[in-house]
Structures are given as C-alpha cells and as structure tokens.
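Subject: Structure for you to look at

Dear colleague,

Please find below the structure that I promised to pass on to you. Once you have had a look at it, please read the notes that follow, which go through what was found.

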Amino acid sequence: MVDLPNDTVARARQGDAAAFLEILKAFERPVFQTVYRLVGGRFPNDVEDIAQEIFLKIFRALERFEPDRGVKFSTWVYTFVKNHCFDVLKKKRVATVSLARRTDASDSNAGQIDPAGASPSPVDETLGGELAKHVAKALDDLPEDQRLTFILREYQGLEYHEIAAISDCSEGTVKSRLHRGKEALRHALRRYVR
Amino acid sequence: MTESAHHGDRDDTSPDRAERGIDCATHLDRLTSELAGELDPAATAAQISHRVWCEACSLERHDAVAVDELTSRFAAPLPPSGFAARALARHLGSEGKDANTVDCREFRSELEAFRAGDVAVDRTRSLALHVEYCTSCAAELRLSGTIESAVRGIEAPLPPAGFAAAILRRMTSPRERLAPVQSFPLRALPPAVLLCAAAAFLIVALHTWQDASLDSPSLQSNDPRSDLTATNLENGDAPQRWDHAIEQLSLQRERLIRSARLEAVPASIGAFAAPSQRSTPSSRYGGNVWHRALRRAVLETESPQDSAPGPKGH
C-alpha cells in the first residue's frame with residue numbers, strides 16, 4: 001500500500017487544494033474499491049455516496065491526524081473506511097435482513113418453478129463469468145469483521161499489524177479472522193472452483 | 001535326516017560318492033551364491049558335478065532359477081501410503097506422536113493458517129507430515145490455493161469519472177464548510193467524568209421538574225388537590241373529600257412555611273382555605289394559585305432587597 005508523504009498531509013491541513021487533490025488521487029481507488037467490496041453487495045447504489053462521505057470525514061478530521069505517533073496515513077484513512085461502512089451496515093441492518101429474507105424466498109420459489117436440470121451447472125456458470133457473482137455473494141455472507149480483514153489483506157495488501165490497528169484488535173485476532181474467513185470462502189466456493 | 005533319506009535315489013555310501021565331489025548339504029548352501037555368480041570356478045564345477053549325480057539337487061536348482069525369474073519379472077511393490085511420513089517421523093523420533101495426532105478435521109481447521117505460514121514450527125511439521133500421506137487433505141490444500149487465486153482475480157470497479165471533483169465540490173459548498181468537524185467524543189472521556197455529568201444532569205432535571213410541578217395545573221393522583229375535580233364535587237361524598245383535601249393542603253402549607261422559614265402567610269393564601277370558596281367549581285385550580293402565591297412569597301423572603309410587589313397585593 002503506497003503511503004503519502006507527511007508534508008502532503010501537512011499542506012492539506014493548511015488548506016492547500018493541491019494537497020487535497022493528491023490525497024484524493026492516491027486513495028480514491030483503494031477507498032472506493034474497499035467500500036464497494038464491503039457494502040457494495042448490499043447497497044450497490046450507495047457506494048459512491050459512501051465513499052464521498054468518507055473522504056469528507058477524512059478531510060474534516062485532518063487536524064487530528066498525528067504522524068508523530070507513528071500512525072501511517074493509509075492506516076488512518078482505512079480506519080475511517082471501516083467505521084463509516086460499519087455504521088452504514090448497522091443503520092441499514094433491518095432493511096438488509098428483510099431484503100435477504102425476500103431474496104432467499106424468491107430463490108426457493110424459483111427452484112420450485114424451474115424444471116430440474118434447467119439451471120446451468122456450476123461449470124457452465126463459471127465459464128459464463130458467474131464466478132465474480134459467487135465470490136461477491138460469498139464475501140457478502142462473511143461476518144463484517146472477517147470480510148474487512150479479508151479485503152484489507154487480500155485485496156489491499158495490508159500487513160497484519162496495520163489491519164490490527166484499523167480494526168482495533170490484536171494481530172492474533174486478525175489472523176484468526178482471516179483464516180476463518182478463508183475457510184468460509186473455501187466452503188462456499190468449492191463447487192464453483194474445481 | 002541323512003542325505004540318502006533326503007534324496008533317496010542315490011546312496012551316499014555308494015562308490016560314486018567321490019565322483020560327486022560335495023555332499024547335498026554343501027550344494028544347497030552354495031546354491032544361492034552360485035546363481036548369483038559369486039562362486040569361484042572350482043566351486044561352481046563342484047556344484048555342477050554334484051547335480052549330475054544327484055537328481056534332487058538338480059531339481060532344487062531348477063526351482064531356485066524359476067523363482068529368481070519370477071521375482072525379476074514382476075516390479076517391486078510400491079511403498080505403502082504414508083511410508084515417507086512415517087519414515088521421517090521415525091527419523092525425527094516422533095513416530096506415533098506428531099504424524100498421528102493430526103487428523104483430517106484438525107488439518108482442515110488449520111489449513112489456511114498452515115498455508116499462510118502462521119502456525120508454530122512444531123505444528124507445521126505435524127501438518128506437513130499429515131498432508132504428505134493424506135491425499136484428501138492434499139487436494140483440499142490445492143483447492144484452497146485455487147480459490148484464493150480466483151478470488152484475488154475478481155476486480156472491483158474503479159471510481160466513476162468525476163469522483164474526486166465531486167468531493168472537492170462538496171468540500172467547498174457552504175453546507176459542508178458549516179458542518180461540524182466531529183461530534184464530541186464521549187467515549188474518550190473517563191467513566192468518572194461521565195458519571196459526574198450524569199449526576200449533575202439528574203439534579204438539574206429534578207430541580208426543574210419540581211419547579212414545574214409547582215406551576216403546573218395538572219393534578220397528580222397523590223396530590224390532595226386531585227380530589228377537587230368537578231366529578232368528585234358532583235358526587236355525594238364531595239364535602240368529605242373537600243375536607244380531606246383542605247386538610248392536606250393546610251398540612252402542605254405548614255410544611256412549606258416551615259421549610260421556607262416564613263413568618264407569615266399572605267392573606268390571599270389563607271383565604272383560599274376558607275369554607276366560603278368550597279362551592280366554586282373553578283376552585284379546583286385554586287390550589288395552583290395557592291402554590292404560585294406561596295412560591296412567590298418564598299422567593300421574596302429569600303431576596304428581601306427585591307422591591308417587586310408581593311403577593312399581598314393580589
């Protein structure tokens with residue numbers, strides 16, 4: 001994960017628009033993609049708004065960033081991503097549960113209507129580019145902590161201690177969450193990846 | 001058992017024994033070496049001469065040659081599954097301990113940690129031994145790697161065009177500039193401070209509520225004035241209720257006077273309790289008037305420098 005020099009952050013704190021732009025250019029992609037992977041499965045239409053809100057929060061709180069304490073700016077940014085996304089998921093949890101139930105119900109109904117054998121086999125689906133859907137679904141089914149840990153580690157390439165700082169837990173907990181998340185993904189995706 | 005008994009057809013005591021050279025036992029001892037080509041020519045010649053005369057030893061050699069041919073024709077059997085793991089465990093002096101303590105369930109629960117190298121050295125060795133001889137777990141290990149590669153290969157979409165510009169635009173909008181930087185971090189405060197703040201809030205709230213209750217026209221069920229409603233007045237027991245309520249109010253007044261250290265009660269207050277006002281329907285609010293007057297009197301007593309007109313003027 002590429003980190004920004006501290007002077008960029010310092011310039012942004014003084015209101016330098018170019019520094020803001022540098023921060024945005026450096027982090028817009030990882031932040032947007034992390035938000036997409038964290039909440040995009042449930043709220044695909046809200047990803048852009050959520051990512052914008054995160055950046056606004058970051059810029060408002062720049063005064064509180066303390067590089068002297070040894071905290072990397074990227075770690076600090078991901079802390080905002082995690083807090084905001086978890087807040088969003090928490091606020092919309094009731095709606096999420098009801099939607100999930102409806103989806104399950106519609107799936108079961110579809111299974112009753114479709115004749116046996118009419119649905120494509122897992123291999124066909126994989127060949128048809130359906131793997132991404134299954135991966136997204138499997139990721140979405142992970143508990144939030146495991147999903148965050150997996151995304152930060154596997155997609156963003158963060159170190160264990162950085163994820164621990166973001167998640168406010170120990171490195172051992174991070175490893176445990178990561179391994180349990182991978183195990184769950186293995187069970188969920190084994191029929192699609194053979 | 002004698003040689004003659006063994007072979008039967010030839011008598012070792014026969015005169016041709018010297019021509020046979022060696023006896024049957026010696027021939028059998030040397031037979032394996034002879035077939036392997038390890039005998040010197042003289043001994044080999046002795047073996048051959050013996051068989052010319054001894055049919056049993058000749059058959060013995062024939063069988064031995066046949067067995068050798070059969071053995072060489074078939075490939076040697078493969079080592080059994082887990083042979084290397086057990087050999088390694090034996091070599092490390094841990095046979096029957098490490099290799100056998102990791103079963104498939106344990107291995108699969110630790111598979112991801114094993115792949116990531118997050119397992120202790122001793123445990124890693126045990127898991128490696130298990131996966132070496134367990135083909136099912138080896139397949140699971142490969143599957144895990146395949147899935148991880150597949151998942152990593154799934155790309156998330158890029159931010160839309162104008163994403164950064166939209167953020168900068170929002171930053172410069174008056175609404176965003178006026179927005180608070182951050183809500184007060186209550187969780188960062190020590191619990192003792194939060195407790196003190198909560199206690200102070202409760203005290204203030206209680207005090208405010210008491211003041212409000214003095215001014216409020218609503219009647220509480222435990223308030224003696226609650227008996228002075230129009231419904232009760234219309235009932236037959238109204239006079240008794242009136243008496244009881246007036247008694248209670250008088251007691252309350254005495255208590256308040258004592259607590260406020262009042263020397264005298266304003267005349268208008270005392271007049272409220274007069275029996276002449278009992279039949280007035282609107283007197284159910286009279287208690288409230290009484291309380292307001294009393295409170296004003298208390299305030300005047302506590303701050304005599306105020307020259308505002310007192311309740312006596314009412």
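A salt bridge here is a side-chain nitrogen of Lys or Arg within 4 Å of a carboxyl oxygen of Asp or Glu. Please keep in mind that this is a predicted model, in which local features need pLDDT of at least 70 and side-chain atom pairs count only at pLDDT 80 or more, while totals for chains, interfaces and linings use all residues. Residues are numbered from 1 along each chain as its sequence is written, chains are lettered from A and ligands numbered from 1 in the order in which they are written, and side-chain values use heavy atoms, with hydrogens and water left out.

Let me begin with the place where the two chains meet. In chain B, 35 residues are in contact (heavy atoms within 4.5 Å) with 35 residues of chain A. The buried area, meaning the accessible area (1.4 Å probe) that two parts lose on being put together, summed over both, is about 3,400 Å² between chain B and chain A, and carbon and sulfur atoms give 65% of that.

Six salt bridges are counted between chain B and chain A. In one of them, the side chains of R152(B) and E154(A) meet at 2.6 Å, N to O. R152(B) lies in helix α11 of chain B and E154(A) in helix α8 (residues 144-155) of chain A, so the pair joins two chains; helices are DSSP runs (H or I, at least four residues), numbered from the N terminus. For accessibility, buried means under 20% relative accessible area, exposed over 50%, and partly exposed in between (1.4 Å probe, protein chains only). By that rule E154(A) is buried, at 9%, whereas R152(B), at 44%, is partly exposed. E140(B) also forms a salt bridge with R186(A), with the closest N and O atoms 3.0 Å apart.

Over all chains, the structure holds 22 salt bridges. Among them, E28(A) and K25(A) pair at 3.9 Å, N to O, and both lie in helix α2 (residues 17-39) of chain A, three residues apart, about one turn of the helix.

Finally, how many disulfides (pairs of cysteine sulfur atoms within 2.5 Å) are there over all chains? The count comes to zero. For C54(B), the closest cysteine sulfur, in C57(B), is 3.5 Å away, which is too far for a bond.

Best wishes

Notes
Disulfide = S-S within 2.5 Å.
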